[in-house]
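Okay, my turn. Have a look at the model on the screen, and I'll talk you through a few spots in it.

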Amino acid sequence: LVGSYGLSERVPYPVLGYLAVRLPGLHALVRWLLKRWRPLVALGLRNIIHDASKITPDLVSEMQQAIRRAGSAPGWQAFLRQEIWLLRPRTCYLDRLGEIGCPVLLVHGEKDRLISVDASRNAAPRFPQAKLVLFPNCGHWPPREYPKKFNRLLLDFLA
């Protein structure tokens, strides 16, 4: 689990997130702006990636191309509309984590602005077999910020 959703009873920016997925046209407007304005994409990446030096022009282009892909928005918007309730998420699995019988690896960036690192810290002891690894100076996207470290950790865990 990497900066995992479903391990907290809180969502980031709860009121803004709730309104963003329910106000007609707002999601479409933001998407339209992101397709056309690179600085807005870079700003959005600052909420995901802690180390600004890793937000390269190539990464911004890659993210903008992903936003432009047809068909990517409806599924994400439907997920958000279903999951983001006012002030809390719909899904929280904290009470069921003890049912998971296999080993679990939780990876979380200590500087994650989207999903608090406390979510993984609080969830780890609820699993029968969990290993929690925190990446210092890392945001919501450890595989992107520290790919070699993340891949080594994952391969070691799977071995």
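Predicted model: local features only at pLDDT ≥ 70, side-chain atom pairs only at ≥ 80, totals over all residues.

So, the largest nonpolar core: it has 10 residues, namely L7, L94, L97, V104, L106, I115, A119, A123, A124 and F127. By nonpolar core I mean a set of buried Ala, Val, Leu, Ile, Met, Phe, Trp, Tyr and Cys residues joined through side-chain atoms within 4.5 Å. Strand 3 and helix 6 each put at least two residues into this core; helices here are DSSP runs of H or I, at least four residues, and strands are runs of E, at least two, numbered from the N terminus. There is also a second, separate core of 9 residues, and L34, V41, I49 and M63 are among them. In general, nonpolar side chains in soluble globular proteins tend to be buried together.

Residues are numbered from 1 along each chain as its sequence is written, and side-chain values use heavy atoms, with hydrogens and water left out.

Is A123 buried or exposed? A123 is buried, because its relative accessibility is 0%; the cut-offs are under 20% relative accessible area for buried, over 50% for exposed, and partly exposed in between, with a 1.4 Å probe and protein chains only. A123 sits in helix 6. Which residues does A123 touch, if we skip those up to four places away in sequence? Those are L7, L94, L97 and L106, where contact means heavy atoms within 4.5 Å. For a bit of scale, A123 and N151 are 28 residues apart along the chain, and their C-alpha atoms are separated by 22 Å.

Now the charged pairs. Side chains of opposite charge can pair when their charged atoms come close. The rule for a salt bridge is a side-chain nitrogen of Lys or Arg within 4 Å of a carboxyl oxygen of Asp or Glu, and the count comes to 5 salt bridges. One of them joins D95 and R126, at 4.0 Å from N to O. D95 is in the loop between strand 2 (88–89) and strand 3 (104–109), and R126 is in the loop between helix 6 (117–123) and strand 4, so this pair ties together parts that are 31 residues apart in sequence. D95 counts as exposed at 74% relative accessibility, and R126 is partly exposed at 40%.

Another pair is D118 with R121, where the closest N and O atoms are 3.3 Å apart. These two are 3 residues apart in helix 6, so about one helical turn separates them. D118 is partly exposed at 40% relative accessibility, as is R121 at 38%.

Then there's R152 with D156, at 3.1 Å from N to O. That pair is 4 residues apart in helix 8 (residues 147–158), again about one helical turn. R152 is partly exposed at 47%, and D156 at 46%.

Last stop, H140. Where does H140 sit? In the loop between strand 4 (130–135) and helix 7 (142–145). The H140 side chain makes a polar contact of 2.7 Å with the side chain of D112. A polar contact is a pair of N or O atoms within 3.5 Å; within protein, one must be able to donate a hydrogen and the other to accept it, and residues adjacent in sequence count only if both atoms are side-chain atoms. Leaving out residues up to four places away in sequence, H140 touches G3, I48, D112, L114, I115 and E145.
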